[in-house]
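Colleague: Before we discuss details, could you show me the sequence and the structure together? I would then like to go through the chains and their contacts one question at a time.

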Amino acid sequence: MSMIANPGSYSVSNFISFMDEVYFRLFERQFEAWWPAHLLMLGLGIGIIVLACLAKIRTLAVTLAIPFAACAITFHLQLYAELTPVGKFFGWAFLIQIPLILIWGFVTKSRETFRPNIPTVTGAAIATFGIVAYPILALFAERELPGAEYFGMAPDPTICLFLGIALICARPIWFLLLLPIPLLWAATTGATLDSFEAPFAMTLPIIATITVAASVWKAIFHRQPAFSVADKMTSPLAGEIPQMKKQPKPD
Amino acid sequence: MNISRRHSLKLIGSGATALAASPGIAFAQDPKALLKKIPSSGEELPVIGMGTWRTFNVGSDKVLRDARTEVLKAFFANGGGMVDCSPMYGSAREVVGYALKKIGIPKTLFSAEKIWTEDSSATRAQTAESAAMWGIKTFDLMQIHNLVAWKEHLATLREMKKEGLIRYIGITTSHGRRHADLEKIMTSEELDFVQLTYNLTHREVEKRLLPTAIDNGIAVIANRPYDGGNLIGRLQKKEAPLPAWATEIDCKTWADFLLKFIVSQPAITCAIPATSKVSHMNENMAARLGNMPDEATRKRMIQYVENL
């Protein structure tokens, strides 16, 4: 006998064992316990985007471990796990994400610095959104700033920034290692917030979808590390800014 | 049947003033408050209990724990009895225990818990764990949640009932699931209670399960009386007015309208709405007072809501 009979007869809301009020209180409680770590995380987030643009992959990977660890411990394991086993699951999942990121960081050779193209610009926008937009969305949803979600503390903006960073820096093959846990969280948080009929519930799932689409684009059109001018002339990719080939000096 | 002293006194007290309206319905000391008898013992229960799904799962948040304590206090202040919980409800058991510790254990408390584990050898351990969380020694009612490992748990619960560790045994389902299995169990096993989903828009159980409960002398707890909040939410969102004739059954809010529909069903012993607000608790508890709808009015209630 299974704990859950007729799984098909259940909706997502049947598995959400807490109220929206309680869920959003978790961020207030985290704020009470950890402020001003939120400010430090904000600085760290900006630093992560800079490191990504500079393609300092190893330093980036080590730095990314901090928000994942903070989020896993101060949110998932300390607070969310009190309400649901999902909290414990994602606490460990976020911790497991850290060695995955480190493996990527230490195996990948540093490449060229930021070259604007569709995936990298999309990634930069997503990463910036993760840092800046979430507190603003909370205000639009009539929540106070102490109850807002901040990068490095709350999972949604943390995953949002990470998705953006992956788009900027990671080769498509690495997405298979780096994206499953973030995408699983995106689906979970979307379903949870949607069951509350919370404003902006689909923010992270939409960002995740954009990330997946941009990843596919990257896998198809950006397999070569650089394009020559000649390549660019015939490239079907509108808006692509090519890597300039070194021109021989005229005699 | 092992009945404690406090319950014996309660039985005598309520029985002395009871005015039998039908075999299953009696009015107790407060002549307006509806109590119903548990068929297997004759003990009376207030018809409005309290569920804890979602509402009492607040973790260690002291602010919310204190808020829920106020809700429970309002429940007992309004003559409430049954509090229903489950290991499936996250931290709800601990939060109930926190509130009971602050309030003190009321004499009217009818503690209803559940066994929710596939480990058929864990019946006693989970009961003890829940009792420790509630801060009580024994439960009035122990139910097998969603029929999980029901055969094994039921055997152990019978032993525990003989030993006086629990007073009643029940089995639960919800959302209309596994009705055929539940019906088989109701006819083949000796049960004191069943818990199932029944509300104004989910009345499937009227066909077979409720008649089976009457035939087999089983008390019925109605869960999801507001369809998980959807039903009352829809009505309130539409700003739908109560019908003018609602005053005939002493209904002032949609809460008591919906609850009176449930508890006036002859087979239903009590309904267990859950809430996180004192004002809603007061509205819920009003449903135990005043005139109850008869069969013709119940049909009118269904028609009115369906037309909305």
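Colleague: How many helices and strands are there in chain B?

Modeller: This is a predicted model, so what follows describes computed coordinates. In chain B, buried residues make up 48% of the 308 residues, and among contacts between residues at least 6 apart in sequence, 75% join residues at least 24 apart. The secondary structure of chain B comprises eleven helices and twelve strands.

Colleague: On the side of chain A that touches chain B, how do the residues divide into nonpolar, polar and charged?

Modeller: The contact between the chains involves 16 residues of chain A and 20 residues of chain B. On the chain A side, the division is eight nonpolar, four polar and four charged.

Colleague: Are helix 2 and helix 3 of chain A roughly parallel or roughly antiparallel to each other?

Modeller: The axes of helix 2 (residues 37–54) and helix 3 (residues 57–77) of chain A come within 10 Å and cross at roughly 150°, and helix 2 passes helix 3 in a left-handed crossing. Angles over 145 degrees count as roughly antiparallel. The two helices of chain A are therefore roughly antiparallel.

Colleague: By class, which residues make up the contact of helix 2 with helix 3 of chain A?

Modeller: From helix 2 of chain A come M41(A), L44(A), G47(A), I48(A), L51(A) and A52(A), which meet T59(A), L60(A), T63(A), L64(A), I66(A), P67(A) and A70(A) in helix 3 of chain A. Sorted by class, this contact has ten nonpolar, three polar and no charged residues.

Colleague: Is the peptide bond from W35(A) to P36(A) cis or trans?

Modeller: P36(A) lies in the loop between helix 1 (20–34) and helix 2 of chain A. With omega near 10°, the peptide bond from W35(A) to P36(A) is cis.

Colleague: What is the phi of D250(B), a residue other than glycine?

Modeller: D250(B) sits in the loop between helix 8 and helix 9 (254–263) of chain B, and with 16 other C-beta atoms within 10 Å, D250(B) is partly exposed. A positive phi is also found at D227(B), about 55° although D227(B) is not a glycine, and D227(B) belongs to the loop between strand 11 (219–223) and helix 8 (230–237) of chain B. For D250(B), phi is positive, near 55°.

Colleague: What distance separates the C-alpha atoms of K161(B) and G233(B)?

Modeller: K161(B) has its place in helix 5 (residues 150–162) of chain B, where it touches I166(B) and I169(B), not counting residues up to four places away in sequence. Because K161(B) has 18 C-beta neighbours inside 10 Å, K161(B) counts as partly exposed. K161(B) and G233(B) are 72 residues apart along the chain, and their C-alpha atoms are separated by 40 Å.

Definitions and conventions: Residues are numbered from 1 along each chain as its sequence is written. Chains are lettered from A and ligands numbered from 1 in the order in which they are written. This is a predicted model: local features need pLDDT of at least 70, side-chain atom pairs count only at pLDDT 80 or more; totals for chains, interfaces and linings use all residues. Two residues are in contact if their C-beta atoms, placed from the backbone, lie within 7 Å. Ala, Val, Leu, Ile, Met, Phe, Trp, Tyr, Cys and Pro count as nonpolar, Asp, Glu, Lys and Arg as charged, and the others, Gly among them, as polar. Axes are lines fitted to C-alpha atoms, for helices over the stretch in contact, and angles run from 0 to 180 degrees between N-to-C directions. Helices (H or I, at least four residues) and strands (E, at least two) are DSSP runs, numbered from the N terminus. Angles under 35 degrees count as roughly parallel, over 145 as roughly antiparallel, 65 to 115 as roughly perpendicular and the rest as oblique. A crossing is left-handed if the near helix is turned anticlockwise from the far one by less than a right angle, and right-handed if clockwise. A residue is buried if 20 or more other C-beta atoms lie within 10 Å of its own, exposed if 12 or fewer, and partly exposed in between; C-beta atoms are placed from the backbone.
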